[in-house]
Amino acid sequence: MKRIIFTILGIILSASPIFAQTDQLSGQMARFEQAKKSKNRDSLAIICADLSDYYTYRNNDSLLHYAEMGLKYADKNSPNPYLHLLANIGYYYNATGKSHACVEKHLFALREAQRVNAPELTLGDICSSLGVSYRRIDKTDSAALCYKQALTHYDAAGDEGRDEIPFLLTNMAILYTNTHRLDEAEHYIR
């Protein structure tokens, strides 16, 4: 009897994340339909950014679909959600193994972030992502430069930026470990 109860409990617990995902997607799709009816470009851009986030680790083609759709509605002179959508497109190219295209997308996002005077935190995030992209195509010096730029932006962002610094330092340690510069890697780990 215990075995049956534990089996049923296990099935219910393992299925609950699936139901949560379905509820989350249903809610976002309802918001998307409302935004389409209202024809509010800002709302459409924001919900497309949210949908592209939702699909980030679930379905790369859907991620790209909603990110590109969101760009059609986004105000290209305002950082949000414009830069977020550009970053998600960069993520798509990273996730699909198109590393050189990923670098190009992140470089474009960085130029756009500078053009629209993006907040320091956003600039730091883009520089950090660009550093990862360079690391993946073995452009170590470019990666290190981007990481250092990200660190400068995170410092300038204050408290918000400080939350991102441990992740950045981990990426810097990985970079130096991969290039057998272990003393520098240890410095960033500490």
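Which residues does Ala74 touch, not counting residues up to four places away in sequence? They are Ala45, Tyr82 and Leu85. The points below start from the whole chain of this predicted model and return to Ala74 in its loop between α3 and α4.

1. **Overall make-up.** The chain has ten helices and zero strands. From the N terminus on, the order of elements is α-α-α-α-α-α-α-α-α-α. Of the 190 residues, 40% count as buried. The accessible surface comes to about 11,300 Å², and carbon and sulfur atoms hold 54% of that. Among contacts with a separation of 6 or more, 51% are between residues 24 or more positions apart.

2. **The core.** The largest nonpolar core has 50 residues. Phe32, Tyr66, Leu83, Tyr134 and Tyr147 touch the most other members. Two or more residues each come from α1 (2–38), α2 (41–54), α3, α4 (82–95), α5 (99–115), α6, α7 (140–156) and α9 (165–178).

3. **Helix α3.** This helix covers residues 60–73, 14 residues in total. At 1.5 Å a residue it should span 20 Å, and its end C-alpha atoms are 20 Å apart, so the two values agree. Its buried residues are Ser62, Leu63, Leu64, Tyr66, Ala67, Met69, Gly70 and Leu71. Look also at the start of the helix: a side-chain oxygen of Asn59 comes to within 3.1 Å of the backbone nitrogen of Asp61.

4. Ala74 sits in the loop between α3 and α4. Is Ala74 buried or exposed? Ala74 is buried, because its relative accessible area is 8%, under the 20% cut-off. Arg41 is 33 residues away in sequence, yet the C-alpha atoms of Ala74 and Arg41 are 6.8 Å apart. Pro81 belongs to the loop between α3 and α4 as well. The peptide bond from Asn80 to Pro81 is cis, with omega near -5°. Check this bond when you go through the loop.

5. **Helix α6.** With 17 residues, α6 reaches 24 Å from its first C-alpha to its last, close to the 24 Å expected at 1.5 Å a residue. Of those 17 residues, 13 are buried, so α6 is largely enclosed by the rest of the structure. Asp138 follows the helix, and its phi is positive, near 60°.

6. **Ser128 and Tyr147.** Ser128 lies in α6 (residues 120–136). Its relative accessibility is 11%, so Ser128 counts as buried. Beyond its neighbours within four places in sequence, Ser128 is in contact with Tyr147, Ala150, Tyr154, Leu168 and Asn171. Ser128 and Lys148 are 20 residues apart in sequence, with 8.6 Å between their C-alpha atoms. Tyr147 has its own set of partners outside four places in sequence: Ser128, Gly131, Val132, Arg135, Leu168, Asn171, Met172 and Leu175.

7. His153 is in helix α7. It counts as buried because its relative accessible area is 18%, and the cut-off is 20%. The His153 side chain makes a polar contact of 2.6 Å with the side chain of Glu120. Leaving out residues up to four places away in sequence, His153 touches Glu120, Leu123, Gly124 and Cys127.

8. **Cysteines.** How many disulfides does a search of the whole structure find? The count is zero. Cys127 is in no disulfide, and the nearest cysteine sulfur, that of Cys146, is 5.9 Å away. The cut-off for a sulfur pair is 2.5 Å, so a pair must lie within that distance to count. Cys127 is buried, at 1% relative accessible area. Cys102 is buried too, with a relative accessible area of 1%.

9. **Positive phi in loops.** Two loop residues deserve a look. Lys39 has a positive phi of about 60° although it is not a glycine. Lys39 is in the loop between α1 and α2. Its relative accessibility is 67%, so Lys39 counts as exposed. Asn117, in the loop between α5 and α6, has a positive phi near 55° and is not a glycine either. Asn117 is exposed, with a relative accessible area of 66%.

Terms used:
Residues numbered from 1 in each chain as written. Predicted model: local features only at pLDDT ≥ 70, side-chain atom pairs only at ≥ 80, totals over all residues. Heavy atoms only, no water. Helix = DSSP H or I, 4+ residues; strand = E, 2+ residues; numbered from the N terminus. Expected span 1.5 Å × (residues − 1). Buried < 20%, exposed > 50% of the residue type's maximum accessible area, 1.4 Å probe, protein only. Polar contact = N/O pair within 3.5 Å; in protein donor to acceptor, adjacent residues only side chain to side chain. Contact = heavy atoms within 4.5 Å. Core = buried A, V, L, I, M, F, W, Y, C linked by side-chain atoms within 4.5 Å. Areas by Shrake-Rupley, 256 points an atom, 1.4 Å probe, with all protein chains shown as cover.
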